[in-house]
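Hi,

Here is the structure I promised to pass on to you. Please open it first, and then read my notes below.

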Protein chains: 2
Amino acid sequence: MPRKFQSQTKKQPEHDVIYQALKDMILFGDFIPGQPLTIMNLAETLGASATPIREAIRRLTAERALETQENRRVAVPHMTPALLEELDFLRLTIEPELARRAAPHVTPDEIDALERHDDELEHAINIGDVKLYMKANYAFHFTLYQRAEAPTLLKVAESIWLQIGPALRVGCGRFGTAKLTDQHVETTKALRNGDFDRVSTSIREDIIQGMDFVRHSLK
Amino acid sequence: MPRKFQSQTKKQPEHDVIYQALKDMILFGDFIPGQPLTIMNLAETLGASATPIREAIRRLTAERALETQENRRVAVPHMTPALLEELDFLRLTIEPELARRAAPHVTPDEIDALERHDDELEHAINIGDVKLYMKANYAFHFTLYQRAEAPTLLKVAESIWLQIGPALRVGCGRFGTAKLTDQHVETTKALRNGDFDRVSTSIREDIIQGMDFVRHSLK
DNA sequence: GACGGGAACTTTTGATCAAAAGTTTCCACA
DNA sequence: TGTGGAAACTTTTGATCAAAAGTTCCCGTC
């Protein structure tokens with residue numbers, strides 16, 4: 001078997017598949033803050049046995065995407081003003097940096113891909129599809145961040161987004177996606193112009209707006 | 001049973017105990033970079049069965065303290081210049097901030113405790129006890145950071161330290177602890193004077209020195 | 001000697017189940 | 001009515017084992 005095809009054929013372990021599935025569900029708002037999750041129920045729903053479910057849950061707990069309560073039950077964490085403040089600080093220190101580092105490595109083809117994600121995001125806002133909005137928004141940010149070649153920073157960013165996902169979803173549910181104007185055009189323009197500082201600052205603006213939305217929807 | 005004593009008596013799950021044990025071993029240099037770990041071997045060594053070991057490993061993998069290779073084996077990650085650069089950036093953005101946030105909440109009693117950790121660190125340097133040095137150093141930083149009441153930032157800091165632990169240990173093994181001068185007196189002084197900015201900047205200095213040591217020992 | 005293939009071996013993985021932990025229900029009794 | 005506590009029930013947890021995945025070693029062939 002040629003080495004280049006191995007990664008496609010090599011079977012992913014079940015616990016990894018489940019981790020990815022749960023991660024997406026948290027990221028794109030399938031769970032609401034505070035929602036309890038039971039191993040048994042997840043095993044039934046996802047068609048797996050308890051062991052791989054537990055491993056996936058431990059990973060997500062370590063990433064603060066889930067929390068285990070004192071009675072051993074697992075739940076989606078609630079958003080609080082204090083947590084939001086911490087996440088605000090983290091996003092503003094990590095993500096503009098990721099964007100700045102990514103900028104020099106983004107190819108014209110990849111900018112096209114970013115614009116397609118942005119078009120999808122626009123479309124989602126227009127038709128009011130919250131989940132599609134969240135997916136397109138995630139895709140835009142993380143295809144950019146991926147190019148930073150900074151896996152450790154990227155991992156921190158993913159953890160942050162996992163913690164925001166559920167709260168963002170309820171915010172969109174309450175106020176719709178209407179209030180969310182699109183900040184991403186600025187970013188792609190700056191990428192085309194090779195203006196790396198502006199890539200970073202435009203992401204910063206996007207974060208400020210996004211977190212304001214979450215903060216507002218918390219009240 | 002009175003509620004206030006529950007947390008002391010409530011039995012910790014095995015996977016949690018193992019997680020803590022492995023975490024300490026990584027943090028204080030019991031493993032060297034690149035060292036492979038097998039579930040079977042850990043199960044035997046730690047006197048447990050595979051299931052809780054696997055859960056602990058998944059958590060530590062999520063925290064980048066361990067990595068699973070493409071062949072499903074688990075190993076302690078190697079330190080690389082690129083990783084060190086990322087960790088440098090993260091430490092410098094997260095830890096001075098934790099120190100600054102903690103400073104106003106640290107009581108005189110707690111400053112005394114910090115100084116005791118620092119004495120122990122001095123003592124460890126004098127007798128050349130690497131592991132004691134690492135424990136005292138960790139205790140100093142994290143008793144301070146804990147008071148920041150910023151659990152999410154704290155978790156990021158812990159993940160960073162877990163990634164540095166093994167490399168720091170080999171550095172100390174090669175050069176001894178002699179080169180590590182004690183920067184912590186500055187921090188405790190600033191705490192006593194209520195000079196919160198200087199608490200933050202002195203931690204910054206400490207980080208720069210510590211990371212220089214690791215960088216130097218990489219070559 | 002170098003290479004390919006397969007047998008023997010080791011390790012990880014996922015399903016299962018009994019035991020432990022935690023929750024709920026309900027009834028006796030004040 | 002309200003309280004305590006046992007019983008029934010649910011969920012998590014850890015041990016175990018068979019199957020899958022991965023590695024090593026050896027032998028026959030070139």
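Let me begin with a pair of strands in chain A: S1(A) and strand S3 (residues 74-75) pair in the antiparallel sense over two bridges. Strands here are DSSP runs of type E with at least two residues, helices are runs of H or I with at least four residues, and both are numbered from the N terminus. Two strands count as paired if DSSP finds at least two bridges between them. Within this pair, Pro36(A) has Ala75(A) in S3(A) as its bridge partner. The sheet as a whole is open, with three strands in the order S1-S3-S2 (chain A) and antiparallel pairing. Strand S1 (36-37) and strand S2 (67-68) of chain A are at the edges with a single partner strand each, so one side of each has no neighbour in the sheet.

Some background before we go on. This is a predicted model, in which local features need pLDDT of at least 70 and side-chain atom pairs count only at pLDDT 80 or more, while totals for chains, interfaces and linings use all residues; side-chain values use heavy atoms, leaving out hydrogens and water. Residues are numbered from 1 along each chain as its sequence is written, and chains are lettered from A and ligands numbered from 1 in the order in which they are written.

Now to the DNA. Around DNA strand D there are 19 residues, and Arg58(A), Glu14(B), Ser49(B), Thr51(B) and Asn71(B) come nearest. Of the atoms of DNA strand D that come within 4 Å of the protein, 72% belong to sugar and phosphate. A residue is called near a molecule or strand if one of its heavy atoms lies within 4 Å of it. Helix H3 (39-46) and helix H4 (50-62) of chain A, along with helix H2 (14-27) and helix H4 (50-62) of chain B, each supply at least two residues of this surface. By class, the surface near DNA strand D has five nonpolar, five polar and nine charged residues. Nonpolar means Ala, Val, Leu, Ile, Met, Phe, Trp, Tyr, Cys and Pro, charged means Asp, Glu, Lys and Arg, and the others, Gly among them, are polar.

A polar side-chain atom of Arg54(A) is 2.9 Å from a base nitrogen of DNA strand D, and an N or O atom in the side chain of Thr51(B) is 2.8 Å from a base nitrogen. A polar backbone atom of Ile39(A) lies 3.0 Å from a phosphate oxygen of DNA strand D.

DNA strand C is surrounded by 20 residues, the closest being Glu14(A), Ser49(A), Thr51(A), Asn71(A) and Arg58(B). For DNA strand C, sugar and phosphate make up 71% of the atoms that come within 4 Å of the protein. A polar side-chain atom of Ser49(A) is 2.4 Å from a phosphate oxygen of DNA strand C, and one of Arg54(B) is 2.9 Å from a base nitrogen.

How do the two protein chains compare? Chain A can be laid on chain B with an RMSD of 0.0 Å by a turn of 180 degrees and a shift of 0.0 Å along the axis, using least squares on the C-alpha atoms of residues with pLDDT of at least 70 in both. The two copies are thus related as by a two-fold rotation axis.

Best wishes

Technical notes. A polar contact is a pair of N or O atoms within 3.5 Å; within protein, one must be able to donate a hydrogen and the other to accept it, and residues adjacent in sequence count only if both atoms are side-chain atoms.
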